[in-house]
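Work through the exercises below with the model open. Try each task before reading its solution.

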Number of protein chains: 2
Amino acid sequence: MIVVDWGTSSFRTFRIAADGAILDRRSSANGIMHVPGGRFAETLREQIGDWLDAGESRVLLAGMIGSRQGWKEAPYVACPAGAAELGAALVDVPFDGAQVKLVPGMNGVDASGVAEVMRGEETQIVGALAAMGGDGLACLPGTHSKWVRVENGRIVRFTSHMTGEVFSALREHTILGRMMKDGAPNEAAFIAGVARSAEPGGALHHLFGVRTQTLFGKFTETDGPSYLSGLLIGHELRAELGSVPGETVHLIGAPELVALYKSAIAACGAKAVSLDAEASVRGLAIIGEHAQWR
Amino acid sequence: MIVVDWGTSSFRTFRIAADGAILDRRSSANGIMHVPGGRFAETLREQIGDWLDAGESRVLLAGMIGSRQGWKEAPYVACPAGAAELGAALVDVPFDGAQVKLVPGMNGVDASGVAEVMRGEETQIVGALAAMGGDGLACLPGTHSKWVRVENGRIVRFTSHMTGEVFSALREHTILGRMMKDGAPNEAAFIAGVARSAEPGGALHHLFGVRTQTLFGKFTETDGPSYLSGLLIGHELRAELGSVPGETVHLIGAPELVALYKSAIAACGAKAVSLDAEASVRGLAIIGEHAQWR
């Protein structure tokens, strides 16, 4: 089988054996934002044409490729759900010479009944289930971080935080960013930001403090981004960890970001373990087993 | 005396009588960001030259004109302080044919010892002191909202929130803004945002909910800005009002913004009164009485 993790800004594909072992892999910058004129079929064929010629005939895609901005919109599967429900809700995409299917995203509600959505992360969670023992709390940090509760091998609820995107908007488009310069990450400034998030006054007040502390030389222009990052991640963590004291957080994502969250979670007095980064391939393999292939 | 409220984006000047009565007024778009090449003296003379010719010789300036980006940096006066301390710390600016002085900004620390600064708002507070009876809590909403505690006619502490600037950055530079359209403000959506800020999950999670609720049709693209505004103002209010239950908030600022805050404060179950918008002129008149004029 061929599986594809096709996101907003990246394209990663894997040829996998029946037991899920990775036989070959490729990646490109052809995220859905960088596929001009809806040429998704052509882009896919360029990437995996030789694997199809070599006899592969099943292709499973996960990620934003199944969104309204992607190839075809795959309706969300309602939470709670697991690999079986996702596998039963795959969406076929017409493609000459192979069966191509999209993994749907998942929707749910938060503790207050407000809608939640994810697309791509459900597949990573399915791939991480075995490592989590089928139960527990996972965090997938990123532009829109996800916190996912897993019970008995199924996703039962999840919440999102706009942490990564808010960081970028503040860094690039506010007075805070004008007082910052890019530089090497500073762990001490990052942890100071995490600590600040526990103090009274709220996030909007803490953000103003980034300005004053730069103004009064508490940290340098190059340390500013680390402090701001720690402050925002700290606010995300405290909102999530408050209700689950003592629980281990399973981190899934890019190694640099996972390392940041790991040290921030430790600074909050909680525990975290990192799972390996190939969760999406494993998840696609597992969901593929539940699919109705011709 | 001539007084000038000279901020980042606007310039307002008043000719006042000895008793503080406004004799004449002018305004222009010559905020310090719109004075090319440091031509502050020339800009001032263009605006008030005829008043000087008519016999005025004392000019008092407040606002960002006294910042590093302005005409001359006036060092902050440390909190607690009132009109007397501000009047004793005025900074002279060389100017042919008149005495020109700058009102300094004020600095302090928040409940956690983190630095706080303001420049311009201290003058508005001085002007509002009489209306507040010399004691109480004032809120000056804006790009960087200020909450100011007044005791015995002096400013004893204050905190800032980046509410207005964060709103703009999110509205203009995130996925939230791409799902919004400008339209008439919607009071119901605004109050829904204020209510949302009291729910669990934290601000970064609530922001993601702006996206999902638009996605699922809970409100329209044109209601989005009102909801986002209510959400952010709600977070500011809850951080400030939590520690002062039952206290009346004295609102000082632009009428539209004051009206928004007033309805948000009512939605939080607290009380607010609005003071008139000419607080800065009155404050300048009072501080001018404490000045050492030649």
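**Exercise 1.** Why is helix 10 of chain B largely enclosed by the rest of the structure?

*Solution.* The model is predicted. Start with the burial count, where a residue is buried if 20 or more other C-beta atoms lie within 10 Å of its own. In helix 10 (residues 279–289) of chain B, 10 of the 11 residues are buried, so the helix is largely enclosed. Next, list them: B:Ala279, B:Ser280, B:Val281, B:Arg282, B:Gly283, B:Leu284, B:Ala285, B:Ile286, B:Ile287 and B:Gly288. Last, find the cover. It includes strands 1 (2–6), 2 (11–16), 3 (22–28) and 4 (58–62) of chain B, along with helix 2 (83–88) and helix 3 (121–132) of chain B.

**Exercise 2.** Find the buried residues of helix 6 of chain B and their packing partners.

*Solution.* Helix 6 of chain B spans residues 187–196. Its buried residues are B:Ala189, B:Phe190, B:Ala192, B:Gly193, B:Val194 and B:Arg196. They pack against helix 7, helix 8 and helix 9 (255–267) of chain B.

**Exercise 3.** Describe how helix 3 and helix 10 of chain A cross.

*Solution.* Two packed helices are described by the angle between their axes and the distance between the axes. Here the axes come within 6 Å and cross at roughly 85°. That makes helix 3 of chain A roughly perpendicular to helix 10 of chain A. Now take the contact residues. Helix 3 of chain A contributes A:Thr123, A:Gln124, A:Ile125, A:Val126, A:Gly127 and A:Ala128. Those from helix 10 of chain A include A:Ala279, A:Arg282 and A:Ile287. By class, the contact has eight nonpolar, five polar and one charged residue.

**Exercise 4.** Which helix of chain B gives the most to the side that touches chain A?

*Solution.* Begin with the totals: 39 residues of chain B are in contact with 39 residues of chain A. Helix 7 of chain B gives the most to this side, with nine residues. By class, the side has 18 nonpolar, 15 polar and six charged residues.

How values were computed:
Residues numbered from 1 in each chain as written. Chains lettered and ligands numbered in written order. Predicted model: local features only at pLDDT ≥ 70, side-chain atom pairs only at ≥ 80, totals over all residues. Contact = placed C-beta atoms within 7 Å. Helix = DSSP H or I, 4+ residues; strand = E, 2+ residues; numbered from the N terminus. Nonpolar A, V, L, I, M, F, W, Y, C, P; charged D, E, K, R; others polar. Buried ≥ 20, exposed ≤ 12 C-beta atoms within 10 Å, placed from the backbone. Axes fitted to C-alpha atoms, helices over the stretch in contact; angles between N-to-C directions. Parallel < 35°, antiparallel > 145°, perpendicular 65-115°, else oblique.
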